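Have a look at the structure first, then read on.

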Amino acid sequence: MMTSPSESQALQAVAHLEATVAEVEQHLATLGSALKLQDAGAAEQAAAELHQALSRAVDRFNQAARTPAGVPPTLRRRLARTSSQVAAQRDAVARASQALDRALDVLIPGAEPVAVYGGATRRSSGGLAQA
């Protein structure tokens, strides 16, 4: 079956988007593995690579959205699912960081109290969750 040049171009664009989503999914899985293994160096590298892959994905999906063919619904759903996995992983890391901060506060008492939302104070151990 012969395809027209525009159909061929659309198929190539979809394949390119699928590869982009697969790349994001792979980096997300790599980051998840590094976090489970508690390998800080690997997690740092995986997070940087995931960030770059997400940036490329946003660019490519924005470009595809401006074409007449747009983004196929299956790829849109797949990217949305991957995005929610990124958010869940980010929340899990934040919760773990907060738990570590609380544990350090118990183990290292006497740190200076710091103001938090609403004017309440808590002790700071200089932990990971602070920005």
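What follows covers the salt bridges and then a loop residue.

## Salt bridges

Keep in mind that this is a predicted model. Searching the whole structure turns up two salt bridges. As background, side chains of opposite charge can pair when their charged atoms come close.

## Glu23 and Arg56

Glu23 pairs up with Arg56, and their closest N and O atoms sit 2.4 Å apart.

How accessible are the two partners? Glu23 is partly exposed, at 24% relative accessible area, and Arg56 is partly exposed too, at 29%.

## Glu25 and Arg78

The other salt bridge joins Glu25 to Arg78, with 3.0 Å between the closest N and O atoms. Here Glu25 is in helix H1 while Arg78 is in helix H3 (residues 73-107), so the pair links parts that are 53 residues apart in sequence.

Glu25 comes out as partly exposed, with 25% relative accessibility. Arg78 gets that label as well, at 21%; the cut-off for buried is under 20%.

Which residue has a positive phi although it is not a glycine? That's Gln38, with a phi of about 55 degrees. For context, most residues other than glycine have a negative phi.

Gln38 is found in the loop between H1 and H2. Gln38 is exposed, with a relative accessible area of 73%.

Key
Residues are numbered from 1 along each chain as its sequence is written. This is a predicted model: local features need pLDDT of at least 70, side-chain atom pairs count only at pLDDT 80 or more; totals for chains, interfaces and linings use all residues. Side-chain values use heavy atoms; hydrogens and water are left out. A salt bridge is a side-chain nitrogen of Lys or Arg within 4 Å of a carboxyl oxygen of Asp or Glu. Buried means under 20% relative accessible area, exposed over 50%, partly exposed in between (1.4 Å probe, protein chains only). Helices (H or I, at least four residues) and strands (E, at least two) are DSSP runs, numbered from the N terminus.
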